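Student: Could you take me through some of the packing in this model, one question at a time?

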Amino acid sequence: MILVTGGAGFIGANFVLDWLAQSDEAVVNLDKLTYAGNPETLASLKGNPKHVFVQGDIGDSALLDRLLAEHKPRAIVNFAAESHVDRSIHGPEDFVQTNVLGTFRLLESVRGHWAALPADQKAAFRFLHVSTDEVYGSLSATDPAFKEDNKYEPNSPYSASKAASDHLVRAWHHTYGLPVLTTNCSNNYGPFHFPEKLIPLMIVNALEGKPLPVYGDGMQVRDWLYVKDHCSAIRRVLEAGRLGETYNVGGWNEKPNIEIVNTVCALLDELRPKAGGKSYREQITYVTDRPGHDRRYAIDARKIEKELGWKPADTFDTGIRKTVEWYLANGEWVRNVQSGAYREWLEKHYETQPTLPETFLAERGNGPPQERDWS
């Protein structure tokens with residue numbers, strides 16, 4: 001059995017779904033179910049005895065200790081994080097609480113569990129921490145892509161809190177011997193992505209006839225990684241990664257935001273054409289850039305390919321087409337996320353009512369574009 005934290009979020013849920021589709025090994029899935037943790041994403045696992053869902057916080061040491069003692073996982077995969085840059089600008093404390101203090105408490109509970117294991121289980125145990133390329137800061141147009149030994153230069157409260165969590169994980173390995181692995185990924189996209197991020201937002205707004213807001217000049221460059229490829233990389237690192245090492249995971253797809261938006265519009269023009277033959281590109285609107293917006297991220301993923309034989313299976317062309325097709329085929333999932341219906345489902349099935357950030361109510365409707373995160 002493995003324990004996955006943050007397994008109802010975008011990347012974590014895709015990982016859980018893919019894991020259980022490819023393995024007989026059970027998953028304990030711990031998720032706080034904040035606004036972006038959606039249990040509907042896991043609906044296909046209902047009744048599956050190999051999926052044990054627990055609503056809870058990685059900062060809850062008593063809960064962590066109980067889960068570790070009860071289920072005795074052989075590995076932890078930590079996706080749990082606050083991960084929205086704009087939200088971190090408007091409310092950084094939540095990011096420090098979850099990404100820094102939460103990671104600390106998770107590490108401490110896991111350290112106690114690991115230290116008490118028999119020698120053979122102790123040697124086989126792994127803690128895999130999932131992080132981001134944003135910890136490295138911003139690149140110019142001519143800078144080489146981020147390597148694992150790049151110095152950390154975080155520029156937002158979000159990336160600073162993730163950098164702090166990465167340092168804690170490293171320290172728990174070097175100080176206490178905890179068998180850790182860290183992955184730093186580029187921008188993910190794919191099914192079940194919460195529709196405030198660039199690609200799903202463009203799809204949803206385009207179909208609803210709303211403006212397609214692009215920050216600044218739209219020339220911010222990101223490396224794009226199809227989420228299923230990211231999941232396969234994590235599985236490979238968990239299986240064969242060298243203890244204490246960091247592996248950068250990228251898609252080898254550097255593209256400016258405006259090119260992403262134009263590609264989405266072209267696919268929608270093809271797959272869901274407008275009446276009258278107009279293009280969705282006509283809905284593109286440029287909005288004021290956000291504070292401290294990093295100009296370029298790029299991942300050098302040669303280390304994971306050389307050491308572990310991993311490279312992405314999807315190109316951007318194949319991944320973005322599958323993504324647009326998924327959103328066109330899953331309108332109900334999108335509508336439920338937008339309407340808040342999934343929270344009603346959550347209350348019914350898990351007898352809870354998670355805190356709803358005040359900003360979400362504005363962002364869910366027609367709130368000002370500068371309060372959202374398109375990247």
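Tutor: Let us begin with a definition: a residue is buried under 20% relative accessible area, exposed over 50%, and partly exposed in between, using a 1.4 Å probe and protein chains only. This is a predicted model, in which local features need pLDDT of at least 70, side-chain atom pairs count only at pLDDT 80 or more, and totals for chains, interfaces and linings use all residues. Residues are numbered from 1 along each chain as its sequence is written, and side-chain values use heavy atoms, with hydrogens and water left out.

Student: As what does Arg 281 count by its relative accessibility?

Tutor: Arg 281 is placed in the loop between α9 (257-271) and β12 (284-287), where helices (H or I, at least four residues) and strands (E, at least two) are DSSP runs numbered from the N terminus. Its relative accessibility is 39%, so Arg 281 counts as partly exposed.

Student: Which residues does Arg 281 touch, not counting residues up to four places away in sequence?

Tutor: Contact means heavy atoms within 4.5 Å. The C-alpha atoms of Arg 281 and Cys 265 are separated by 5.7 Å, although the two residues are 16 residues apart along the chain. Leaving out residues up to four places away in sequence, Arg 281 touches Asn 262, Cys 265, Ala 266 and Asp 269.

Student: Is the pair of Tyr 136 and Phe 146 stacked, edge-to-face or tilted?

Tutor: Rings of Phe, Tyr and Trp (its six-membered ring) pair if their centres lie within 6.5 Å, and planes under 30 degrees apart count as stacked, over 60 as edge-to-face and the rest as tilted. A search of the whole structure finds 15 aromatic pairs. For Tyr 136 and Phe 146 the ring centres are 5.0 Å apart and the planes stand at 35°, so the pair is tilted.

Student: Where do Tyr 136 and Phe 146 lie, and how many residues apart in sequence are the parts that the pair ties together?

Tutor: Tyr 136 and Phe 146 are both buried. Each lies in the loop between β5 (126-132) and α6 (157-176), so the pair ties together parts whose separation in sequence is 10 residues.

Student: What is the angle between the planes of Tyr 327 and Trp 333?

Tutor: Tyr 327 and Trp 333 are both buried. They form an edge-to-face aromatic pair, with 6.5 Å centre to centre and an angle between the planes of 75°.
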